[in-house]
Structures are given as C-alpha cells and as structure tokens.
Amino acid sequence: MSKPLKVGNENVSISIKQRKPSRARFLILALLFFGTAINYLDRTNMAVAASSIQDDLGLDPAMLGLILSAFGWTYAFMQVPGGWLTDRFGPRVVYGISLVLFSLFTLLQGFAKNFGTLFGLRLGLGFAESPAFPANSRVVASWFPQRERALATGVYTAGEYVGLAIATPLLFWLLSSFGWHSIFIVTGIIGLIFALVWYKFYKDPKDSKYINKEEMDYIREGGGLAESAGQGQKINWSKARHLFKHRQFWGIYIGQFAVASTLYFFLTWFPSYLVQERGITLLKAGFVGSIPYIAAGIGVLVGGYWSDKMVKRGVSIGVARKTPIILGLLGACTIILANYTSSIALVIAVMSFAFFSQGMSAITWTLVSDMAPKELVGLAGGIFNFAGNLSAIVTPIVIGIILSATNSFNGAIVFVGVVALIGALSYIFIVGDVKRIEITDNE
C-alpha cells in the first residue's frame, strides 16, 4: 500500500507493507488431528482383536461386551473432572499427561492374560483419555474464530476415521502375523512418541512463538478466546448449574448420546459383525472394514465445510450448525437396511453411507464452543462428552446381550438405528437457538 507524504514542495510516495496474519492455528489443528487419530486407535484396537481374544480367553459374547464397554465406564464418568482439569491447568499440560498415561495403558494390554487384567486396563485407558476431547474443544475455541470452528472441528474429528481407515488393515495384518498382543504394544509406543511432539509444539495463542499479532487479532475479532484460554482459571461451581438449566444443553446432550452410539457400534462390534455375522476372513475384514471409516472421514469434512460455508453466507449459526447434524443422524438410521441383504457389497455400501452420515453429524462439538459460557468451555465440553460417552457403556453391553439372546446382529443393528432417530428428534424439537450463554455476576 502506498501513502503520499508531502516533503517541502514535493509529494513523496512511501510504501507501507501490511503484514499478513500467520497461520499458526493450522499447525495446532494438525496436532489435534494426529492426537485424535492416536486416541481412537488406542480405544478401537480392542475391536480388531476382539474375536481372537474371545477365542484365546474363552469369553462369551456378554463377557466380551463388558470388556468392550469397560473403556466407556471411566471415560464417561471422568469427563467432568477432565473438563475441569483442562480449564484449570490448560490443554498443553493436561493433554500431554493424558497422552502418556493412555499410551502406557494401551501398551500394557499387550501383556494381559485374563479377563480381569484386560477389563482393568481398559478402565485405566478410559480414565486416562478423559481430558482429550474437552481439551480439543478448548483448543479450537482458543485458536479459531467462530466462522472456522466447524471445519476445524471436522478436521480433527476426521482424525478418528482417517486414522482408523489407514490403520485397520495394518492392525489386522499385525493380528494375523504376530497375534493380538502385538496390536496393543505397537499402538502404545506410537502414542508415547506423539506425547513428546505435543508437549514440544503446543502452546496457547498468547504463549505461542508461531503466531503474530495479525493472526491474534484475526482470532480475537472473530470470536476466538485467544486471550482468555490460558491455564490457572478457577471455575465458579455455582455458575456451572447453567450447563443444566438451559434446554439447548439438554438437547445436545441427548443428541450426542445418539451420535456416539452409531460411532461405538463401529468402534467395538463392527469387525466382529463382519467376521462372525458375514463370514469374512480376518485379512479381508481389515481392508473391507476400512471403507466405512473412509466414508465417515469424508462425511465429517463435508459437514464441517458445509456448516462454515453457511455461516459465511450469512445463514444463522443455529441453522448452519444443526442442519448437517440432523441430516447426518437421519442418514445414520439407514444402517437398519443392512438386515435386509445378504450381499457383502450392499452391506458395506449401507454401512459406509450410515457411517458417512454419522461423520457428518459429528460436528456437534462446535455447539459447545458456540454455546458454552466463556469461563466454562472446558467443563461444558466435559459434560457434553460425558453424555455422549454413556453410549460407550450402553451400546457394547446392549449389543452383547442381544447377541447372547438371539445369536444374531439383526436386533443390534435396529437398536443403533433407533437411537440415531432419537438424536435427530432431539435436535429438531429440543435444541432451540444456538447462542452463547452469558452469565452475569448476579446469577
């Protein structure tokens, strides 16, 4: 940009360069993507090993369902403490410690020799992973302006599916070549290495050496919490009641349970469904089973991009956020169609569309960033994730009971579809306006 300046009787043109905002937030997003991929790899490796563990340890379907659900017991009930820890000490420290602990619990599963040990280690894994998504939500709220949050949430959430799509064939190869123990040892080591990467590169915006003033201004002016996301913030617990007082929070809690129920079917019983119900070999299941994960990864990116695009075009936040979620949950209901075909190709097509739809609905975390009081973002994320991950307890156990009673996955598939429908109805009829809840000092 040139600006004329008069010196004596002459006009002199002085060139003033305007600095562009840095793009440090995308480095942070890459960290969230890989961290989320490893997080889901460590909680899903049990699904790949499940059939072999069942045969090796002589477990019936109900007992296997308990092991698959064990992660969910501690993970769900530690969400609120995990969110509080994130608000109190900041995501860099809390998530860094979480990475180390859940990677160790993963690695130790490779040395388990009985039901009790595996069950206990899965409980430990859920405990250690509990701060992960409250930390993700807080990082996005800190580093990204509102108009970029859905896509940012979509990108890191895609880490769940992309990581599994790439890793599932490799995990089945490890299983067939070296046995189920190797799966846990390898994935645990990967997590420990990434913990060092996280601690080296992640800092809050106000402490980062990679961000310039222009990017900080861009984040702040767009509604990001760049200057108020540091550690050491104390929670006013008397104000936390607002996270239960407003109906829109109850609506997203119910909806998140439904979104996560479809997810946990794929994370726990889906590989066993392919092997036991559809008679697919282990190695083929690894490759065929990765297709729905790829579809879900595409779905979450589509949902995030579409939502942010609507915001930029002036569509209200409520419509822009809820539309992909509702359509995604309705699309997930189509999983029931898998009960009406014997064609493996059609089964995979149905499962892929249902999981694509589930992925599209998985931008729900943006609502926490958009609605929660600024001082309670981490705690709100903890409660939200607690509600969603109750399905990590309920879904594997219910499916295990249905299998024990009927010797078939048909009823389990119907259960997953019905819960998805309930989630869509919650977003349609319970969640009202999407706006940040402001708490005054008098409340």
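Visitor: What lies over the face of Tyr 40, and at what distance from the ring centre?

Guide: Arg 43 does, at 4.0 Å from the ring centre. A charge counts as over a ring if CZ of Arg is within 6 Å of the centre and within 35 degrees of the ring normal. This is a predicted model, so the distance is computed.

Visitor: Over which other ring does the charged end of Arg 43 sit?

Guide: The ring of Tyr 75. The charged end of Arg 43 is 4.6 Å from the centre of that ring.

Visitor: Why is the pair of Phe 266 and Phe 355 called stacked?

Guide: A search of the whole structure finds 21 aromatic pairs. In this one, the ring centres are 3.9 Å apart and the planes stand at 5 degrees. Pairing needs centres within 6.5 Å, and stacking needs planes under 30 degrees apart. Both conditions hold, so Phe 266 and Phe 355 are stacked.

Visitor: What makes this a link between distant parts of the chain?

Guide: Phe 266 is in helix α11 and Phe 355 in helix α15, 89 residues apart. Both residues are buried.

Visitor: Why is the pair of Tyr 273 and Phe 409 called edge-to-face?

Guide: Look at the angle. The planes stand at 80 degrees, with the centres 5.2 Å apart. Planes over 60 degrees apart count as edge-to-face, so that is the name for Tyr 273 and Phe 409.

Visitor: Which parts does the pair of Tyr 273 and Phe 409 tie together?

Guide: Tyr 273 lies in helix α11, and Phe 409 in the loop between α17 and α18. These parts are 136 residues apart in sequence. Tyr 273 and Phe 409 are both buried.

Visitor: Which residues form one aromatic cluster?

Guide: Phe 266, Phe 355, Tyr 273 and Phe 409 are among them. The cluster also includes Phe 265, Trp 269, Phe 270 and Tyr 293.

Visitor: Why does Asn 136 count as buried?

Guide: Its relative accessibility is 0%. The cut-off for buried is under 20%, so Asn 136 qualifies. Asn 136 sits in helix α6. Beyond its neighbours within four places in sequence, Asn 136 is in contact with Leu 32, Thr 36, Tyr 95 and Tyr 156.

Visitor: How does the reach of helix α1 compare with the expected span?

Guide: Helix α1 has 34 residues and reaches 48 Å from first C-alpha to last, close to the 50 Å expected. There is also a kink of about 60 degrees, centred on Ala 49.

Visitor: What makes α1 mostly covered?

Guide: The count: 26 of its 34 residues are buried. Just after α1, Gly 58 takes a positive phi of about 65 degrees.

Notes:
Residues numbered from 1 in each chain as written. Predicted model: local features only at pLDDT ≥ 70, side-chain atom pairs only at ≥ 80, totals over all residues. Heavy atoms only, no water. Helix = DSSP H or I, 4+ residues; strand = E, 2+ residues; numbered from the N terminus. Buried < 20%, exposed > 50% of the residue type's maximum accessible area, 1.4 Å probe, protein only. Contact = heavy atoms within 4.5 Å. Phe/Tyr/Trp six-rings, centres within 6.5 Å; stacked < 30°, edge-to-face > 60°. Expected span 1.5 Å × (residues − 1). Bend = angle between axes of the 7 residues up to and from the residue.
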